[in-house]
Amino acid sequence: MTPEERIAALGLTLPEVVPPLAAYTPAVRTGDLVYTSGQVPMVEGKLVGSGRVGADLTAEEAAGHARICALNAIAALKSQVGDLAKVVRIVKVVVFVASAPDFTGQPGVGNGASELLRDVFGDAGVHARSAVGVAALPLGASVEVELIAEVS
């Protein structure tokens with residue numbers, strides 16, 4: 001199956017690339033690497049996940065938001081390569097989690113993104129990752145995800 005077929009099999013639709021919220025571009029290709037900008041949980045132009053994890057929402061809710069972020073990152077990646085079958089490997093993922101001061105479950109939140117990338121790209125979707133707690137994110141988002149992909 002192609003990555004696009006796997007996305008469909010998961011019952012998902014690849015969204016349009018989320019327009020930049022400031023002075024940046026959603027993704028940049030340099031050589032065989034594509035770097036995406038941070039993606040927040042936007043669906044059809046609206047933020048669907050806000051608040052601080054451990055205070056305003058659960059880790060499970062935030063993991064769902066991370067999944068949306070990863071799908072938006074895949075859309076940004078596709079905008080640079082045209083065909084997701086050109087993805088050789090997801091190299092690195094960074095997950096930022098708006099966290100209550102005592103929340104320490106950022107890795108579990110990040111799994112929402114990581115598991116989707118694995119499900120879409122198979123072994124090529126297994127990656128290195130950082131999951132970091134932060135005080136606040138753009139627009140009050142609960143999660144932000146960026147990735148680096150090797151492409152052919």
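User: How do the residues of the lining of the largest pocket divide into nonpolar, polar and charged?

Analyst: The structure is a predicted model. To read a lining, one sorts its residues into classes, with Gly counted as polar and Pro as nonpolar. Here the lining of the largest pocket comprises 10 nonpolar, 4 polar and 3 charged residues. The volume of this pocket is about 330 Å³. Of its 17 lining residues, Pro-15, Met-42, Val-43, Glu-44 and Asn-72 are the closest to the centre.

User: Which elements give two or more residues to that lining?

Analyst: Two or more residues come from each of β3 (42–43) and α2. The largest share, 5 residues, belongs to α2.

User: How far does helix α2 reach from its first C-alpha to its last?

Analyst: The reach of a helix can be compared with an expected span, at 1.5 Å for each residue after the first. Helix α2 covers residues 59–81, 23 residues in total, and reaches 33 Å, close to the 33 Å expected. After α2 comes Gly-82, with a positive phi near 80 degrees.

User: Which residues line the second largest pocket?

Analyst: The second largest pocket holds about 170 Å³ of space. Its lining includes Val-18, Pro-19, Leu-21, Ala-22 and Tyr-24, together with Ser-37, Gly-38, Gln-39, Val-40 and Met-42; Pro-138 and Glu-144 also belong to it. By class, this lining has 8 nonpolar, 3 polar and 1 charged.

Definitions and conventions. Residues numbered from 1 in each chain as written. Predicted model: local features only at pLDDT ≥ 70, side-chain atom pairs only at ≥ 80, totals over all residues. Heavy atoms only, no water. Helix = DSSP H or I, 4+ residues; strand = E, 2+ residues; numbered from the N terminus. 1 Å grid on protein atoms, 1.4 Å probe; cavity = no way out; pocket = protein on both sides within 12 Å on 5 of 7 lines; lining within 4 Å. Points joined across faces, edges and corners; volume = space filled by probe spheres on them.
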